[in-house]
Amino acid sequence: MAKRVSHRDSMCGVARPLDAIGDWWSLLIVRDAFDGLRRFGEFQKSLGLAKNILSARLRNLLAHGIMETVPAADGSPYQEYVLTEKGRGLFRLLVALRQWGEDFFFEPDEAHVLLVDRKSGLPVRRLELRAQDGRVVGAEDTMVRLPSA
(Lines give C-alpha, C1' and ligand atoms only; values in the text may rest on other atoms or scores of the structure.)
Protein backbone atom coordinates (compact mmCIF):
# COMPACT_ATOMS: atom_id res chain seq x y z
CA MET A 1 0.00 0.00 0.00
CA ALA A 2 1.34 3.44 -0.91
CA LYS A 3 2.21 5.81 1.91
CA ARG A 4 -0.14 8.75 2.29
CA VAL A 5 1.24 12.06 1.16
CA SER A 6 0.63 15.13 3.30
CA HIS A 7 -0.89 18.17 1.62
CA ARG A 8 -0.07 20.57 4.48
CA ASP A 9 2.09 22.76 2.21
CA SER A 10 -0.32 22.80 -0.73
CA MET A 11 -1.67 26.14 -1.97
CA CYS A 12 -4.97 24.40 -2.77
CA GLY A 13 -7.89 24.89 -0.39
CA VAL A 14 -9.25 21.47 -1.39
CA ALA A 15 -6.02 19.50 -0.92
CA ARG A 16 -4.80 20.98 2.38
CA PRO A 17 -7.82 19.99 4.54
CA LEU A 18 -7.64 16.39 3.31
CA ASP A 19 -4.95 15.66 5.91
CA ALA A 20 -7.64 16.28 8.53
CA ILE A 21 -10.81 14.93 6.89
CA GLY A 22 -9.61 12.95 3.88
CA ASP A 23 -11.01 9.57 4.88
CA TRP A 24 -14.68 8.65 5.05
CA TRP A 25 -14.62 7.72 8.74
CA SER A 26 -13.59 11.22 9.79
CA LEU A 27 -16.49 12.84 7.94
CA LEU A 28 -18.92 10.29 9.37
CA ILE A 29 -17.65 11.05 12.89
CA VAL A 30 -18.17 14.76 12.25
CA ARG A 31 -21.65 14.02 10.85
CA ASP A 32 -22.51 12.07 13.99
CA ALA A 33 -21.17 14.89 16.18
CA PHE A 34 -23.56 17.29 14.42
CA ASP A 35 -26.31 14.76 15.22
CA GLY A 36 -25.47 15.02 18.93
CA LEU A 37 -23.14 12.08 19.55
CA ARG A 38 -20.40 12.91 22.04
CA ARG A 39 -18.99 9.74 23.56
CA PHE A 40 -16.57 7.18 22.16
CA GLY A 41 -19.10 4.38 22.63
CA GLU A 42 -21.82 6.34 20.83
CA PHE A 43 -19.57 6.87 17.80
CA GLN A 44 -18.53 3.22 17.84
CA LYS A 45 -22.13 2.00 18.02
CA SER A 46 -23.29 4.36 15.25
CA LEU A 47 -20.44 3.57 12.86
CA GLY A 48 -19.68 -0.06 13.75
CA LEU A 49 -16.02 0.87 13.68
CA ALA A 50 -13.17 -1.05 15.35
CA LYS A 51 -11.93 0.71 18.50
CA ASN A 52 -8.39 1.18 17.17
CA ILE A 53 -9.60 2.82 13.95
CA LEU A 54 -12.07 5.05 15.78
CA SER A 55 -9.34 6.04 18.27
CA ALA A 56 -6.98 6.96 15.44
CA ARG A 57 -9.61 9.03 13.63
CA LEU A 58 -10.62 10.86 16.81
CA ARG A 59 -6.94 11.59 17.61
CA ASN A 60 -6.51 13.03 14.12
CA LEU A 61 -9.62 15.22 14.48
CA LEU A 62 -8.34 16.43 17.86
CA ALA A 63 -4.84 17.08 16.48
CA HIS A 64 -6.29 19.17 13.64
CA GLY A 65 -8.51 21.19 15.99
CA ILE A 66 -11.76 19.90 14.51
CA MET A 67 -12.89 18.32 17.78
CA GLU A 68 -11.91 18.79 21.39
CA THR A 69 -12.54 16.80 24.54
CA VAL A 70 -14.55 18.21 27.41
CA PRO A 71 -15.62 16.72 30.76
CA ALA A 72 -18.76 14.63 30.47
CA ALA A 73 -21.93 16.71 30.79
CA ASP A 74 -23.37 14.25 33.35
CA GLY A 75 -20.45 14.71 35.76
CA SER A 76 -19.10 11.20 35.19
CA PRO A 77 -15.32 10.74 34.86
CA TYR A 78 -15.58 10.32 31.08
CA GLN A 79 -14.52 12.76 28.38
CA GLU A 80 -16.81 13.78 25.55
CA TYR A 81 -15.88 14.80 22.03
CA VAL A 82 -17.36 18.07 20.76
CA LEU A 83 -16.89 20.04 17.57
CA THR A 84 -14.78 23.17 17.74
CA GLU A 85 -15.53 26.27 15.67
CA LYS A 86 -13.32 24.74 12.96
CA GLY A 87 -15.33 21.52 13.16
CA ARG A 88 -18.67 23.35 13.05
CA GLY A 89 -17.34 25.04 9.91
CA LEU A 90 -17.67 21.67 8.16
CA PHE A 91 -21.47 21.88 8.30
CA ARG A 92 -21.85 23.38 4.81
CA LEU A 93 -19.45 20.79 3.38
CA LEU A 94 -21.55 17.98 4.87
CA VAL A 95 -24.76 19.58 3.58
CA ALA A 96 -23.22 19.85 0.09
CA LEU A 97 -22.08 16.22 0.26
CA ARG A 98 -25.52 15.14 1.52
CA GLN A 99 -27.32 16.98 -1.30
CA TRP A 100 -24.92 15.58 -3.91
CA GLY A 101 -25.46 12.09 -2.47
CA GLU A 102 -29.24 12.51 -2.58
CA ASP A 103 -29.02 13.61 -6.23
CA PHE A 104 -26.76 10.84 -7.49
CA PHE A 105 -26.88 7.84 -5.14
CA PHE A 106 -30.60 7.28 -4.54
CA GLU A 107 -33.33 6.27 -6.94
CA PRO A 108 -36.01 8.97 -7.39
CA ASP A 109 -38.53 7.12 -5.20
CA GLU A 110 -36.01 5.67 -2.74
CA ALA A 111 -36.44 6.70 0.90
CA HIS A 112 -33.57 8.50 2.64
CA VAL A 113 -33.05 10.74 5.63
CA LEU A 114 -33.82 14.42 5.17
CA LEU A 115 -32.10 17.47 6.61
CA VAL A 116 -34.86 19.71 7.93
CA ASP A 117 -35.13 23.07 9.66
CA ARG A 118 -35.74 22.48 13.40
CA LYS A 119 -38.12 25.44 13.57
CA SER A 120 -40.37 24.70 10.59
CA GLY A 121 -39.76 20.99 10.05
CA LEU A 122 -39.35 21.70 6.33
CA PRO A 123 -36.39 20.46 4.26
CA VAL A 124 -33.54 22.97 4.01
CA ARG A 125 -33.06 24.73 0.67
CA ARG A 126 -30.37 23.63 -1.75
CA LEU A 127 -26.97 25.23 -1.32
CA GLU A 128 -26.09 27.79 -3.97
CA LEU A 129 -22.76 29.32 -4.87
CA ARG A 130 -23.03 33.01 -5.71
CA ALA A 131 -20.70 35.53 -7.30
CA GLN A 132 -19.96 38.84 -5.56
CA ASP A 133 -22.81 40.44 -7.57
CA GLY A 134 -25.32 37.80 -6.40
CA ARG A 135 -25.45 35.68 -9.56
CA VAL A 136 -25.70 31.90 -9.03
CA VAL A 137 -22.51 30.39 -10.47
CA GLY A 138 -21.43 26.90 -11.48
CA ALA A 139 -18.10 25.31 -12.37
CA GLU A 140 -18.20 26.78 -15.88
CA ASP A 141 -18.43 30.28 -14.38
CA THR A 142 -15.38 29.98 -12.12
CA MET A 143 -11.63 29.39 -12.30
CA VAL A 144 -8.80 28.87 -9.85
CA ARG A 145 -6.24 31.67 -9.75
CA LEU A 146 -2.70 31.13 -8.53
CA PRO A 147 -1.40 33.63 -5.98
CA SER A 148 0.59 36.58 -7.29
CA ALA A 149 4.35 36.17 -7.10
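These are my notebook entries on what I looked up in this predicted model.

**Ground rules.** I number residues from 1 along each chain as its sequence is written, and side-chain values use heavy atoms, with hydrogens and water left out.

**Overall.** I find six helices and two strands in the protein, taken as DSSP runs (helices H or I, at least four residues; strands E, at least two) and numbered from the N terminus. From that terminus the elements run α-α-α-α-β-β-α-α. Of the 149 residues, 23% are buried, where buried means under 20% relative accessible area, exposed over 50%, and partly exposed in between (1.4 Å probe, protein chains only).

**Helix α4.** I checked the length of α4 (residues 51-63): at 1.5 Å a residue its 13 residues should span 18 Å, and the end C-alpha atoms are 18 Å apart, which agrees; the expected span is 1.5 Å times one less than the number of residues. Leu54, Leu58 and Leu61 are buried in α4. Seen down the axis, the buried residues of α4 fall within an arc of 60 degrees, so they line one face of the helix, the arc being that of the directions from the helix axis to the C-beta atoms. On the other side of α4 I note Asn52, Arg59 and Ala63 as exposed. Just after α4, glycine 65 takes a positive phi of about 75 degrees.

**Trp100.** I located tryptophan 100 in helix α6 (residues 91-104), and at 45% relative accessibility this tryptophan counts as partly exposed.

Conventions:
This is a predicted model: local features need pLDDT of at least 70, side-chain atom pairs count only at pLDDT 80 or more; totals for chains, interfaces and linings use all residues.
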